[in-house]
Amino acid sequence: MAELRPYQRKTIDQLWLWFEYHAQGNPCIVLPTGSGKSHVIAEICRESVQSWPETRILLLTHQKELIEQDAEKLLQHWPFAPLGIYSAGIGRKELNRITFASIQSIHRRADDVGYIDLVIIDEAHLVSHNDQGMYRNFLEALRQANPELRVVGLTATPWRLGHGLITEGDALFDDVIEVTSIAQLQRQGYLSMLRSKVTKKRLSVEGVHIRGGEYIEAELQKAVDNRDDSEAVIDEVIARAGSRKAWLFFCTGVEHARHVRDILIEKGIEAACVTGETPKVEREAILDAFKAGAITALTNANVLTTGFDYPDIDLIVMMRPTMSPVLYLQMAGRGLRLKSDGGDCLVLDFAGVVAMHGPITQVKPPRKKGERQGVAPSKVCPQCEEIIGAGAKACPSCGYEFPQEEHKADWYLRDDDISGLENIVMQVRSWSWRLHIGKSSGKQSLEITYYGALSDPPIREYLVVFHPGYAGEWAMSQLRDISEQAGVDIMAQETPEALCEAMEAGRPPSEIEFRKNGKFYRVKQRIWKEEKDDGTDKSGSYFSQDEIYDGIGPGPFFL
C-alpha cells in the first residue's frame with residue numbers, strides 16, 4: 001500500500017474531524033499542485049469503505065486524464081478496491097461501490113447511479129457558485145435518493161473568476177480545509193523550486209477587451225499571435241534554456257500553439273503541438289515522446305493545465321496572458337513536481353502574469369463580479385489589514401506608509417519573484433499577544449510581536465480572525481496552526497482577551513522568516529524546532545505550519 005506523506009495524513013484527519021463536528025455541510029480540501037491530491041482521494045475512499053462497508057462513493061471530475069490518475073492511485077492504496085469507471089472518453093461505463101466518473105458522461109444518469117453517500121469532486125473550483133450547471137444539477141438529482149448526501153471538494157485554487165472564494169455566495173462548499181502551502185512543501189522538499197528571470201520581450205495586450213473577467217480569446221490571439229513577437233520570444237528562450245531538456249509552452253490558442261511549434265522547428269528545436277483538436281492516439285504518442293526526451297519543446301493551448309503529470313518539466317514558457325489566478329497557478333504548477341535530477345524549473349513569463357497575480361506563494365484571489373478593474377475605491381493595509389481609502393498615503397491605524405506606485409515600465413518579472421523568495425530569518429527569544437482595534441473600521445484583530453536579539457527589530461504580525469471572507473478564514477487557519485504548536489487549546493478560551501493571555505504563555509516559534517514590506521515586515525514562515533530533554537535543539541527537526549493543526553474550529557467568541 002502506498003504510504004502517505006505527513007501533510008496528506010494530516011489533511012485526511014482534518015476531514016474526518018470536520019465531519020465529526022459538522023452534521024451538515026460540505027468542505028473543500030485545498031492542496032497545492034503537485035502535492036499528491038490523488039493519494040488523498042484514494043485514502044479517503046479506502047478508509048470510508050473499509051470503515052463503513054455499505055458506503056457508496058462517487059468521484060466526479062471533468063477530464064478523463066484525472067480519472068485515470070485518480071484510479072491508478074486508488075489501486076496503489078487498495079489493489080482490490082471495488083472500483084467502477086464511468087467515462088465515455090475512457091470507453092467504460094461501469095458503476096460500483098466506488099465509481100470514478102466524468103461529469104459530462106454521468107450528469108444525466110442520476111437514476112442509474114442511485115443512492116450515494118459521498119461525492120468527491122476533483123478540481124472543485126469548476127463547480128458553479130450558483131445553484132445551476134452540470135455539477136449542481138446532478139448533485140440535486142442525487143439528493144432525491146439520499147437527502148443526507150455529503151460532498152468533499154479538492155482543488156489547488158479555491159476561487160472562481162468573478163466570484164472570489166469558493167465558499168462565498170450561493171456556494172456548494174461551506175468551509176475550506178487547508179493544512180499546507182506551496183512554500184511549506186518547497187521548504188520540506190516535497191515540491192521543486194521555480195526560478196524566473198527578467199525577460200526582454202513582453203507580449204502586449206493593448207486593445208484586448210475583457211469579458212467575464214478574462215481577456216476575449218479571439219482578440220487575445222490576434223494581439224499575441226504574430227511572427228515577430230513569437231520569434232523574439234523563442235530566440236530568448238533558446239538563449240536562456242541552457243541544458244534544460246523539457247520545455248512546455250502555454251499559448252493563447254490553437255493557431256498560436258501551431259505557429260510557435262513551427263518557429264521552434266525552423267530554429268532546430270525538436271518540437272510538437274498538442275491542442276484540443278489533436279486526436280487521442282496522436283496526443284498520447286506526442287506526450288510519450290516528450291517524456292522520453294525525443295521532443296524538447298511542447299506547445300499547447302488550454303489542454304495541459306490539468307491532468308498532465310510529467311515531473312521533469314524544467315522550463316515553462318508563458319505566452320498566454322490571463323486575468324485568472326487559477327489558470328496562472330495551473331500553468332506554473334506544471335513545474336512544481338520533484339525532478340529526477342533534483343533540479344528546479346525555470347519560468348520565463350513573457351505574458352506578464354506573475355506581475356499581475358504575484359508570486360505563486362502569494363497569489364491574489366480574483367476580483368468579484370462588479371469590482372472595478374484598475375484602482376479600487378479602497379485598499380487594505382498590508383501591515384494591519386485595515387481597509388482604507390485608495391488615495392491614503394499612510395494607514396491611520398498602524399502608520400504604514402504606502403510606497404509610490406510603480407511605473408508600468410517596471411512591472412517586469414524580477415529574478416526569483418515567482419517563488420517569492422528572499423526571506424529574512426530571525427531567532428525568536430519571546431513573543432507577546434494583544435488585541436488590535438482598527439482606528440477607522442473598529443474591527444478587532446490579533447497582534448503578535450516577535451522579539452529576537454537586542455539588535456533585532458520587533459516583528460509584528462496581525463491575524464484578522466474577526467474579519468469576514470477569505471482574509472478572516474485564512475487568518476483563522478494561521479491561528480489554528482500557531483496555537484497547536486504553541487500548545488494552546490483555543491477552544492477552551494472564552495474571550496479574545498483570554499486567548500491572547502493563553503497564547504502569550506504558550507511556546508513561541510524558534511525562528512521566523514519574514515520579508516520587509518516598505519517600512520514594516522510580513523511574517524512568511526514560523527518554525528518550531530523540537531527540543532531535547534536537556535533543552536537544546538534536536539538537529540534538523542523542524543515543524544512548519546502544515547504539520548500542526550488538530551483543532552476543528554474557533555471558540556464561541558469567534559462565532
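**Salt bridges, aromatic pairs and burial in a predicted model**

R143 and E140 are joined through their side chains by a salt bridge with an N to O distance of 3.9 Å, the term being used for a side-chain nitrogen of Lys or Arg within 4 Å of a carboxyl oxygen of Asp or Glu. R143 is partly exposed, at a relative accessible area of 21%, and E140 is partly exposed as well, at 39%. Here, buried stands for under 20% relative accessible area, exposed for over 50%, and partly exposed for values in between (1.4 Å probe, protein chains only).

The model is predicted, so local features need pLDDT of at least 70 and side-chain atom pairs count only at pLDDT 80 or more, while totals for chains, interfaces and linings use all residues. Residues are numbered from 1 along each chain as its sequence is written, and side-chain values use heavy atoms, with hydrogens and water left out.

Across the whole structure, the search finds 28 salt bridges. One of them connects R9 to D13 at 3.1 Å, N to O; both residues belong to helix 1, where they sit 4 residues apart, about one turn of the helix. Helices are DSSP runs of H or I with at least four residues, strands are runs of E with at least two, and both are numbered from the N terminus. R9 has a relative accessible area of 27% and is partly exposed, as is D13 at 33%. Another salt bridge, between E68 and K64, spans 3.9 Å from N to O. Because E68 and K64 are 4 residues apart in helix 3 (residues 64-77), about one helical turn separates them. An α-helix has 3.6 residues a turn, so residues three or four places apart point the same way. E68 is partly exposed at 36%, whereas K64 is buried at 18%. Salt bridges also link R227, E231, D235, E266 and K267 in a network.

Turning to the aromatic residues, the search of the whole structure gives 7 aromatic pairs. Rings of Phe, Tyr and Trp (its six-membered ring) pair if their centres lie within 6.5 Å, and planes under 30 degrees apart are called stacked, over 60 edge-to-face and the rest tilted. The W16 and W52 pair is edge-to-face because its planes stand at 70°, with ring centres 6.4 Å apart. This pair links distant parts of the chain, 36 residues apart: W16 is in helix 1 (residues 6-21), and W52 is in the loop between helix 2 (37-51) and strand 2 (57-61). W16 is partly exposed at 23% relative accessibility, while W52 is exposed at 52%. The pair of W431 and Y450 is tilted, at 6.2 Å centre to centre and 45° between the planes. W431 lies in strand 22 (residues 430-437) and Y450 in strand 23 (residues 444-451), so this pair ties together parts 19 residues apart in sequence. W431 and Y450 are both buried.

In helix 12 (residues 325-333), 9 of the 9 residues are buried, including Y328 and M331. S230, in helix 9 (residues 227-241), is buried at 1% relative accessibility. Beyond its neighbours within four places in sequence, S230 is in contact (heavy atoms within 4.5 Å) with V224, H256, V260, I263 and M319.
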